[in-house]
Amino acid sequence: MKNKSFRLTTRSLFWLKCLMHTIGLLPIIYLVLLVLNDKAGGDPVQYIIHFTGIGALNALVVTLLISPIAKRFKQGLLLQTRRLVGLYVFAYATLHILAFFSLDLLFAWSLFFEEVVKRPYILVGASAYVLLSALAVTSFKKVMRKMGRRWQKLHNGVYLIAILVPVHFYWSVKSEIIEPIVYFVFIAALLGVRVKRFNWWKKHSIKYFAKQERV
C-alpha cells in the first residue's frame, strides 16, 4: 500500500487558522494576567513594551517561514495563512507602539521627537511600523485586485521590515545582545533563501531569453 503524503485541505486549513488565532491571542491574555496580578517584573512598563515587541518580531518570523515551508512540502494552501499571521504582526506592533506612547511617554507627543534624537532606534521602529501599516491596510482581496501589480511591489516591503525590526531591537537593548543577534541570523537566513531563489530564476531567465534570440 502506497503512503500518501499529507496535503492541506480546505477543512484542515480552517482548523489550522483557528490554531494560529489561538497561538496569537494566548500571549496577550497571558500578558494581561501578569499585569493584573503584579507579576510583570520590576518595571511593568518596560516589560509590556518588550513583550509586545517580541510578539511582533516572532509573528514576523513566522510570516517569513510560511512561504519556504509551503514550497518545500508542496502545501500551496498554507500560503493562505500569510495574511492572518501578517495581521498579528501588525496587531502586536500596534500594542507595542501604544504601550510606548501611553505608558512610557504618557501621550506627550513633544517628548517623542526628543526621544528620536536621543534614541534613533525609535525612528527605525517607527519607519517599520508605517510600512507595516500600509501592508495591513492593503492586505484585503478587494484592495489587492484594485492595485494589481503595484500590490506585490508594495508587499515586497515585508523584506525591508524584516531588516528594520531586528535593527530596532538590537539598538534598543543596552545589554543581553545575544537575543537580537539570534533573530538577525535567523532572519538573514530566511532572506538568504529568497535571494538564492531569485538569483536562480534570474540566471535561468537570462539563458532562456538568450536562446530565444538565437532562434
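Arg 83 is partly exposed, with a relative accessible area of 38% (buried means under 20%, exposed over 50%, partly exposed in between; 1.4 Å probe, protein chains only). The model is predicted: local features need pLDDT of at least 70, side-chain atom pairs count only at pLDDT 80 or more, and totals for chains, interfaces and linings use all residues. Residues are numbered from 1 along each chain as its sequence is written, and side-chain values use heavy atoms, with hydrogens and water left out.

**Positive patch**

- Arg 83 lies in helix α3 (residues 82–104); helices are DSSP runs of H or I with at least four residues, numbered from the N terminus.
- Together with Lys 141, Lys 142, Arg 145 and Lys 146, Arg 83 forms a positive surface patch (residues with over 30% relative accessible area and no salt bridge, like charges being joined within 9 Å).
- The most to this patch comes from helix α6 (residues 141–147), with 4 residues.

**Salt bridges**

- The whole structure holds 2 salt bridges, each defined as a side-chain nitrogen of Lys or Arg within 4 Å of a carboxyl oxygen of Asp or Glu.
- Glu 115 is buried at 10% relative accessible area, whereas Lys 118 is exposed at 59%.
- Glu 115 also forms a salt bridge with Arg 119 (2.0 Å, N to O), and Arg 119 is partly exposed at 27% relative accessibility.
- Through shared partners, the salt bridges join Glu 115, Lys 118 and Arg 119 into one network.

Definitions and conventions:
Patch = residues over 30% accessible without salt bridge, like charges linked within 9 Å, V, L, I, M, F, W, Y side chains within 5 Å. Areas by Shrake-Rupley, 256 points an atom, 1.4 Å probe, with all protein chains shown as cover. Lys, Arg positive; Asp, Glu negative; His and termini not counted. Charge placed at Lys NZ, Arg CZ, Asp CG, Glu CD. Helix = DSSP H or I, 4+ residues; strand = E, 2+ residues; numbered from the N terminus.
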